[in-house]
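Biologist: I would like to go through this model with you. Please set each value against its definition.

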Amino acid sequence: ASRARGVDRVERRASLELLAMPLPGKVAAKTSAAPPRKPRSTEGAAEAKAAAKMTSQEWKAKQSGMAEKWPVPDYMATPMPDRSLTCYRDETFSAITRWCAETRIAYRPHAKAPGSKSHIRYEKYSKAKSAKEALELGSWPADWCWDFERGFIKVYGPLRDEPLDMSKVQDESTLTDVDMAIHRWYRRELAKNLGLDYKDLFVGKGSGESTLMRAHRLVAQREATKRLKAAEDEKRPITEEEVTQTLREWAFARNPNRQNVLPDGQDWVWSDTLGLLRDRLGDIHLTKPTKTYPAVTQILNKYLTDRLPKELRSFTWTSLNLNCNYAARLHRDGNNFGPSFIKAFGGFTGGELNYWPEDDRKVDKLEDLKDADKVQIDLKNGLGLFNGNCGHSVEGFHGERYSIVYFTIGCYDKAPAECKEQLSDFGMNYPKSDADRYALLRAPAGYMEKSKRGPATPSKAQSKSPAFRFLPTEGQGQGQGKSSQGSALTPAKVRVSRKRAASSPAGKETKRGASAAQKV
């Protein structure tokens, strides 16, 4: 239970991370001189002063000891000088958006000074004992944020595990006035803070996207479009930093379906698929985010194609698997066709790909694969070309880690022609119907004793292709030309850590990602 609460805390913090992130084009505005404040309205000031039921001296006497009894949240100790007083902290948004009508609260008595309009309002709504009563007495979510950040409110629960997701609400008549007030206010705040059109944040029923997820992905789409144009205008490759920033802006979905990769103790991971997918009913189609946010798919594809050397330009793929902050346990992919490229991004240490290149799946139990037979591929500093149908896992890591896997689904040739054309437009090199799955990497030789091996197929045994490849990206992603790209290396040149392999069980997670990104 404590572990689950910890995941929830990380998720809530990460899901609002983008609100604190300076967006391109707004940095200069933040560093320039602040615009002059508008004169404070004096309308109603005389009436407010006359309506005060205590003097300033009486009010000050009532404040004795209140700061200790009603402390401000700890996170308010972190200075944020570039923010206005009504630009609330991410932690505040995370707290208030989880309120419901039944949430019990208590207000600090007489927190606001007499003689002001806010004092008159506060004296009225501070009698509320719940969010429902607070709304009925004239306070709104913006008031709750202001008061919460100043320690004027204590919250006793109950709270939602996550903010209300309107895409999952089938009957809006079941929503309370508090639900609707928070939802409408929050949507306006997201639009304002992220520079989006308020109308674009409406989500359809069954879309699978919350308002927050929609907002983040719209930002990722907008900024990816700008980066693609900049790269085209400057005639340069997409940089690694541009991909990293796009992944930071992207809102990852909580994916409970990837059961084969779930780390111990987790019920879901942050993971999305762009491109072609076959659902459980057998329908082959493009995922919704692929069509809704095409620039995101395009920039990730261009990053790869910008770095493929001549001998690997025949690499094909139909899909992208995007992952955020989890170390996949030892597994085999179910039905990939041909090899996959993989690359990791972000500020992290560790996180290498543990890979068993000769795993021909004749070892029934994954745990029977030997540590001595694995290699480790440094995905932070290069692209790895590997066979996802062989055993592989991710080494534990510290920090912020994203990864992209470029792969082909096994039923690619059965996809509708329209899907194939769209993916080609998005920058994918779609495989032909007669493609050779072993054109770039040979078939795995197996780990069984030679006397127990069956006869090898000549076309596989005589293949000159390696079992895996590594493309170093040092020096890449800084706007350099293609002439400086790395070329394919032989397996012997890939960093293989026998010492580490001998000290940690195959596929066992030795560290956990220390942070989580977007998400949602």
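Biologist: Which residues have the most contacts inside the largest nonpolar core?

Modeller: They are L300, F341 and Y406, in a core of 107 residues. A nonpolar core is a set of buried Ala, Val, Leu, Ile, Met, Phe, Trp, Tyr and Cys residues joined through side-chain atoms within 4.5 Å. A second, separate core has six residues, including M166, V169, L175 and M180. Note that this is a predicted model: local features need pLDDT of at least 70, side-chain atom pairs count only at pLDDT 80 or more, and totals for chains, interfaces and linings use all residues. Residues are numbered from 1 along each chain as its sequence is written, and side-chain values use heavy atoms, with hydrogens and water left out.

Biologist: What does Y406 touch, not counting residues up to four places away in sequence?

Modeller: Contact means heavy atoms within 4.5 Å. Among the residues Y406 touches are L300, Y303, L304, F315, W317, L320 and F341.

Biologist: Why is F315 called buried?

Modeller: Its relative accessible area is 1%. Buried means under 20% relative accessible area, exposed over 50%, partly exposed in between (1.4 Å probe, protein chains only). F315 is therefore buried. F315 sits in the loop between α14 (294-305) and β6 (319-324). Helices (H or I, at least four residues) and strands (E, at least two) are DSSP runs, numbered from the N terminus. Beyond four places in sequence, F315 contacts L304, P339, S340, F341, L385, Y406, N429 and L440.

Biologist: Why does E358 count as buried?

Modeller: E358 has a relative accessible area of 16%, so it is buried. Its loop runs between β9 (353-355) and β10 (375-377).

Biologist: What lies 2.7 Å from a polar atom of the E358 side chain?

Modeller: The backbone nitrogen of A445. A polar contact is a pair of N or O atoms within 3.5 Å; within protein, one must be able to donate a hydrogen and the other to accept it, and residues adjacent in sequence count only if both atoms are side-chain atoms. E358 also touches R442, P444, G446, Y447 and A467, among others.

Biologist: How do you know that S465 is buried?

Modeller: S465 is at 14% relative accessibility and therefore counts as buried. S465 is in the loop between α16 (458-461) and β15 (469-472). A polar atom of its side chain lies 3.5 Å from the backbone oxygen of A439. Leaving aside neighbours within four places, S465 contacts Y438, A439, L440, L441 and R442.

Biologist: What makes α9 and α10 roughly perpendicular?

Modeller: The angle between α9 and helix α10 (residues 177-194) is about 80°, with the axes 9 Å apart. Axes are lines fitted to C-alpha atoms, for helices over the stretch in contact, and angles run from 0 to 180 degrees between N-to-C directions. Angles under 35 degrees count as roughly parallel, over 145 as roughly antiparallel, 65 to 115 as roughly perpendicular and the rest as oblique. Therefore α9 and α10 are roughly perpendicular. The contact joins P141, A142, W144 and C145 of α9 with V178, A181, I182 and W185 of α10.

Biologist: Which residues of helix α7 (residues 117-125) are buried?

Modeller: H119, Y122, E123 and Y125. Their cover includes β1 (104-107), α8 (131-136) and α9 (141-149).

Biologist: How many helices and strands does the protein have?

Modeller: 17 helices and 15 strands. Of its 520 residues, 51% count as buried.
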